[in-house]
Amino acid sequence: MAKENPSVKEPDEKDIQVEDEPKDWAAGLPGVYYSMKPAIEHMGIDRTRKTVLAMNQKHGFDCPSCAWPDPDKRKAFEFCENGAKAVTWEATPVVISSEFWAEHSITELKERTEYWLGMQGRLTEPVYKPAGEDHYRPVSWDEAFSILGNKLKSLDTADEAAFYTSGRTSNEAAFLYQLFARGFGTNNLPDCSNMCHESSGWGMGQTIGIGKATVTYDDYERADLIIIMGQNPGTNHPRMLTALEECKETGGHIVAVNPLPEAGLKRYKNPQKVKGIIGHGTEIADQFLQIRLGGDMALLQAVSKRVLEAEAKNPGTVLDHDFLDKHCEGLEDLKEHLSHLDEQEVLEATGLRAEEIDELAARYLAAERVIITWAMGITQQKKGVETIKEMINLLLLRGNIGKPGAGASPIRGHSNVQGDRTMGIWEQMPPTFMDALGKEFSFSPPRKHGADVVESILRMRDGDIKVLVALGGNLVSAVSDTTMASAAMENLEMSAQISIKLNRSHLITGKEALILPCKGRTEIDIQETGEQFVSVEDTVCAVHPSWGSVEPVAPTLLSEPAIVSRLALATLGDKLDADWAGFEKDYDLIRNHISRVVEGCEDYNTRIRQEGGFVLANGPRDSRTFNTPTGKAVLTVNALESLERPEGTLILQTLRSHDQWNTTIYGHNDRYRGIKKGRHVVMVNPEDIVELGLEDGQNVDLHGIYEDGVDRVWSKIRVVSYPTPRGCAAAYYPEANVLVPLEHVADGSNTPVSKQIIVRLTPAVDTSTDKEDFTFLARKPSEAPGPRTETVGV
């Protein structure tokens, strides 16, 4: 009998329940209940106390889920529901036994869900799958490093390897990892940023010279107006709701721009306040603009045009001329371009009424301090880079960068994904970084740009990349075009994953495969010189230390810095002037090198030990200086384009459920959207359901409609009536990734376009499960946001 976690039940999509209405508020006592119940059940009271109470505290560990910043004054409970779930998932004492690998073939495990795989427990020993075999088998650490090191050394060129990184990796491990890859001889450093905020980096970098937020945590409270675009804080970064509440309490206003109504942007019941427990809570959005998918760029241009028109009517009173004259360029070109903006095209692209756009413009004009904040709802559009440039245009017009309570704020969705980039995890780091790295370690780093995620998958498919090493993450599930990506992974000669728990990428493997288990951020890290800590960077450039708080679940686990150091030693030997053995013993040695290589990290060991760490310098925020070719911020001209939606199709976006973090599935309830006990659903406007000749609750097949001749299908999906914009639909990530062609990417950033997928819904070919098998309560028809059109602006 196979040994597995007996408490885990595979979902039965026939049991899906759909409530009559989505929720209109977030958190409150249910947030506390759903945080603590699984924590206590899976970890026990003592381990729960040691973890959740230490999370995000100045002398605790950084939350392993999102990158939301911490206030200077911490509360006793500085965590949210998603953070508690992430810690429970990581710090569970349940472990996978050695017998598991003999009793479960890879072929069998492929049939299991992502949820079941993750719930089997922590990985505790290295395992190896030889070529031609269908089982992993335990191996020693020495054997594992020898296998992988010898394989890397056998390659004809270094560019036949790629080194993927997940955002949860610490600064110290990330710095060592990029040093190892470049010491090996390649810049093939794809990372999860390529799939999420790469568009932010490109859009901001080309306009203000930095791809990071130009705000601090305190700026949220000081803002007169916060415009939230393409994000769902209530599910993806719930602690942001507290900052939004603080803004409202000091008189600020909030506008939500999103295709779906989200509970957290309607009302927030703060569980740490009396009014959040027994009261009504705080109304969050003063205005909700239910925009059509891809219409954000048109909306921003329309608001900027109204700002310029207001200035023309009252010269010298609207624009911040002093700021524009001293610090910006491109204003006249922008004026000329927007003077020709077609209002009807804007209305068709956005699905909004002119009065709604007028209201947003009036709010912007009335505010002295404005923050625009966004997430993957923007970055994963075809014109994501240009849309972010339009946000910068709007902010620059009234000087809303470089003053308190104002600025641009991309919300990084993964803890330390920003820090990894700072530490050099990028396939095209600038020459200044490479010069400093080469000088520090006495070698010549490769200068040719490497492969990002999409290009790496293509090279794997074509046989040009033969070995993939992944430091965390679940690449095969995270990336688009699941079928093609899986085939590319299986074309590798070897895949090696440094991981905490089992996931899909351990089963879609190269001919040979390794899994190397590591300690989690929650766990105490004792090395030869004593207890170690690591450091991370949050979404507002604050760098702070992180100490584990509980004993590791197994003595066989190694830390990420230890694994990278030993692998580098097994592969490179003494090729670099790097003390790999010393790095494992004492992380201060790593930070000493960081202080001399990474700009802004001087005297790293001293500054990271300051109370709460330190904040990296940020030119636009700190001094209104811009690292652009001219030294000025750039107002840009961006052509508004349209995406043709063929008759009978919808535009689909992928999104997370509430019981989910990236590709990690904690459960099968999307509590705020009222969808429970299943994930195989497509949310469609009720009027579109009728127009397409379908029925609420019907099973359909979703077909991705592209001109490459490939029929990408997600089969037997339940139609759910939901208040989406007309012509738009939504489905869960990563399951719907199968519909997105790998080369369907954002212009400039090469980010998969998961927010503009053209799909056709047809009655399911396999009708063995019909809608009567579902527990189903029909939704009430929602008010449609406007007339249907056949073009959507991108």
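Tutor: Happy to! The largest pocket has a volume of about 1300 Å³. Here a pocket is an open set of points on a 1 Å grid over the protein atoms alone, where a 1.4 Å probe fits, with protein on both sides within 12 Å along at least five of seven lines. Its volume is the space filled by probe spheres set on the points, which are joined across faces, edges and corners. This is a predicted model, in which local features need pLDDT of at least 70 and side-chain atom pairs count only at pLDDT 80 or more, while totals for chains, interfaces and linings use all residues. Residues are numbered from 1 along each chain as its sequence is written, and side-chain values use heavy atoms, with hydrogens and water left out.

The lining of the largest pocket has 36 residues, and Gly 209, Ile 210, Gly 211, Lys 212 and Pro 430 lie nearest the centre; a lining residue has an atom within 4 Å of a point. Helix 8 (198-208), helix 21 (417-422), helix 22 (431-441) and helix 30 (619-623) are the elements that give two or more residues to this lining. Helices are DSSP runs of H or I with at least four residues, numbered from the N terminus. Helix 8 provides the largest share, five residues. By class, the lining holds 14 nonpolar, 17 polar and five charged residues, where Ala, Val, Leu, Ile, Met, Phe, Trp, Tyr, Cys and Pro count as nonpolar, Asp, Glu, Lys and Arg as charged, and the others, Gly among them, as polar.

Tyr 115, Asp 659, Tyr 666, Gly 667 and His 668 lie nearest its centre, among 33 lining residues. Helix 1 (28-52) and helix 2 (81-91) each supply at least two residues of that lining, and helix 1 gives the most, with six. The classes here are 10 nonpolar, 10 polar and 13 charged residues.
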